[in-house]
Amino acid sequence: MFHPGKVLKVFKNDEKSVLGFDQSVLATVSMWDDNLLTIGVEHGLDTKLKEGDIVLVDYSPQYPTLPVPRQVIVKIVRGETGKTLLK
């Protein structure tokens, strides 16, 4: 299961105001249901993601026995397709 959202802020360690223990990238996303989440970004998208992007967040169960969603950005959907998706 995947949920659409809009990226409000991207947090990378190469910014002066962000310090981290690893090289992971996080993003604050306004979800389709008005929830605000700060979640991980799948490796490979971390250099491409920018504020304002429409994204798909993986809500598949993280563990087979526990229904805890992964909550990781796995797709960036730009242009008209992204705008339509968020509507």
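**Close-up views of salt bridges and a surface patch**

**View 1. Glu 42 pairs with Arg 70.** At 30% relative accessibility, Glu 42 is classed as partly exposed, a term for values between buried (under 20% relative accessible area) and exposed (over 50%), with a 1.4 Å probe and protein chains only. This is a predicted model, in which local features need pLDDT of at least 70, side-chain atom pairs count only at pLDDT 80 or more, and totals for chains, interfaces and linings use all residues. Residue numbers start from 1 along each chain as its sequence is written, and side-chain values use heavy atoms, leaving out hydrogens and water. The side chains of Glu 42 and Arg 70 form a salt bridge at 2.9 Å, N to O. A salt bridge here is a side-chain nitrogen of Lys or Arg within 4 Å of a carboxyl oxygen of Asp or Glu. The pair links distant parts of the chain, 28 residues apart: Glu 42 sits in the loop between S3 and S4, Arg 70 in the loop between strand S6 (66–69) and strand S7 (72–77). Strands (E, at least two residues) and helices (H or I, at least four) are DSSP runs, numbered from the N terminus. Arg 70 is partly exposed, at 33% relative accessible area.

**View 2. Lys 9 meets Glu 51.** Their side chains form a salt bridge at 3.5 Å, N to O. Lys 9 belongs to strand S1 (residues 2–11) and Glu 51 to the loop between strand S3 (36–41) and strand S4 (54–58), so the contact ties together parts 42 residues apart in sequence. Lys 9 is partly exposed, with 31% relative accessible area. Glu 51 is partly exposed too, at 47%.

**View 3. Lys 83 and Glu 80 pair within helix H1.** The salt bridge spans 3.6 Å, N to O. The two residues are three apart in H1 (residues 79–86), which means about one helical turn separates them. Elsewhere, salt bridges with shared partners join Lys 9, Glu 15 and Glu 51 into one network. The structure holds six salt bridges.

**View 4. Tyr 63, Leu 66 and Val 68 form a nonpolar surface patch.** Together they have about 260 Å² of accessible area, computed by the Shrake-Rupley method with a 1.4 Å probe; for residues, only the protein chains shown count as cover. Patch residues have over 30% relative accessible area and no salt bridge; like charges are joined within 9 Å, nonpolar side chains (Val, Leu, Ile, Met, Phe, Trp, Tyr) within 5 Å. Tyr 63 lies in strand S5 (residues 61–63). At 42% relative accessibility, Tyr 63 is partly exposed.
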